[in-house]
Amino acid sequence: GHERELLEEQVPSIKRAIKLDGRQVSDLELIAVGAFSPLEGFMGKDDYESVVQNMRLANGLPFSIPITLAVEEEIGLKLKEDNDVLLQDCGGKTIGILHLKEKFKYDKKKEAQLVYRTTDNAHPGVNYLKTSGNILLGGKVSLLEREQMSFSEYSLDPAESRKLFHDNGWKRVVGFQTRNPVHRAHEYIQKSALEAVDGLFLHPLVGATKKGDIPAEVRMECYKVLLENYYPKNRVVLGVLPAAMRYAGPREAVFHAIIRKNYGCTHFIVGRDHAGVGDYYGSFDAHYIFDEFDIGELGIAPLFFDYTFFCKICGSMASYKTCPHDSTEHISLSGTKVREMLKAGKLPPKEFSRPEVAKILVDWAKANK
């Protein structure tokens with residue numbers, strides 16, 4: 001609209017530009033569309049320090065992950081506060097404007113320890129932090145140009161998903177975050193939650209993930225055949241979240257909940273080791289962290305689920321909360337075991353994965369041996 005035309009007229013007069021990496025580009029977009037609300041830009045010093053220290057913005061509102069724009073010192077030195085800076089993608093195309101309010105140094109070690117609970121470089125989030133610039137730029141942003149979105153038919157902005165839920169007549173909507181294919185265990189959790197609400201928002205993350213995670217296009221195929229064959233059409237919306245994974249475990253579980261609230265969810269599923277990586281976090285740390293917020297403070301209700309599996313004696317899917325039988329009676333496979341089976345061209349058992357999903361994964365594994 002009009003505001004955008006005004007901004008575009010300013011572009012030629014803005015002297016400074018910085019190039020963003022993939023994560024910064026996706027953060028810019030998500031700020032601009034309201035997915036990271038109440039943020040309107042990259043965090044300034046007060047918000048940054050408050051979020052790192054106590055998971056709240058300076059005004060007290062919950063926010064668990066610092067959303068920052070880091071640059072190298074030589075770039076930072078050239079930028080003046082209260083000036084506009086062009087934001088460019090890696091190809092050098094101008095995609096937005098930063099209304100630079102402040103630039104400041106920050107303590108990377110402290111951020112790593114508090115946000116990721118480790119300073120180990122092998123952790124993908126810590127590694128990203130270590131290799132980032134030493135100056136943070138804070139200020140509101142304007143988005144001029146959106147990236148070409150993969151899976152555009154599933155690309156719903158918060159305003160669109162909220163409208164869709166409203167049009168569906170859903171008052172209670174449960175969100176599910178995933179960066180993996182959905183197997184029977186996840187399906188069971190989603191459907192258990194769905195029994196108590198009006199609709200499910202299956203919201204896979206399709207931004208940057210670590211090496212070894214199954215690529216987004218393969219996962220999207222899996223979600224589609226699963227929804228096609230095993231879910232009621234009028235109770236599920238599939239959307240994509242173009243965010244980058246931080247692998248911050250418990251803190252990221254809270255962050256994922258806040259994001260889904262912005263998309264219109266009233267409830268959010270938190271599984272075992274949510275957003276974890278390696279063994280940096282205890283299995284249920286992502287559940288406990290929600291105790292640090294008062295009831296209602298987050299504006300979305302977490303639903304906690306234990307580890308789930310198929311039990312041969314129960315004759316059904318169950319969890320440690322509901323099944324009394326010995327784990328030798330449970331059919332569940334580790335990620336490593338699943339990968340081995342797929343590589344060997346073997347379908348995981350139907351109690352573990354729906355055959356339609358397993359087939360897509362086997363075909364993918366064969367092609368990528």
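Let's start at Cys311. Cys311 is buried, at a relative accessible area of 0%. Buried means under 20% relative accessible area and exposed means over 50%, with a 1.4 Å probe on protein chains only. Before going on, the ground rules. This is a predicted model, where local features need pLDDT of at least 70 and side-chain atom pairs need pLDDT 80 or more, while totals for chains, interfaces and linings use all residues. Numbering runs from 1 along each chain as its sequence is written, and side-chain values use heavy atoms, without hydrogens or water.

Searching the whole structure gives zero disulfides. Cys90 is exposed, with a relative accessible area of 68%.

Next, the cavity. The whole-structure search turns up one cavity of 30 Å³ or more. A cavity here is a set of points on a 1 Å grid over the protein atoms alone, where a 1.4 Å probe fits but cannot get out; lining residues have an atom within 4 Å of a point. Points are joined across faces, edges and corners, and volume is the space filled by probe spheres set on them. The largest cavity holds about 180 Å³. It has 17 lining residues, and Arg23, Pro66, Thr68, Glu111 and Tyr128 are the closest to its centre. Helix 2 (22–33), helix 5 (108–116) and helix 6 (124–130) each give the lining at least two residues. Helices are DSSP runs of H or I, at least four residues, and strands are runs of E, at least two, numbered from the N terminus.

Now helix 12, residues 335–343. Its buried residues are Val338, Met341 and Leu342. Down the axis of helix 12, these fall within an arc of 100°, so they line one face. The arc is taken from the directions of the C-beta atoms off the helix axis. Helix 13 (355–367) is among what covers them. After helix 12 comes Gly345, with a positive phi near 80°.

Last stop, Ile14. Ile14 sits in the loop between helix 1 (2–10) and strand 1 (16–19). Ile14 is buried, at 12% relative accessible area. Which residues does Ile14 contact, leaving aside neighbours within four places in sequence? They are Asp84, Val85, Leu86 and Ile97, with contact meaning heavy atoms within 4.5 Å. Ile14 and Leu86 are 72 residues apart in sequence, yet 6.9 Å apart C-alpha to C-alpha.

Technical notes: On a 1 Å grid over the protein atoms alone, a cavity is a set of points where a 1.4 Å probe fits but cannot get out, and a pocket is an open set with protein on both sides within 12 Å along at least five of seven lines; lining residues have an atom within 4 Å of a point. A disulfide is a pair of cysteine sulfur atoms within 2.5 Å.
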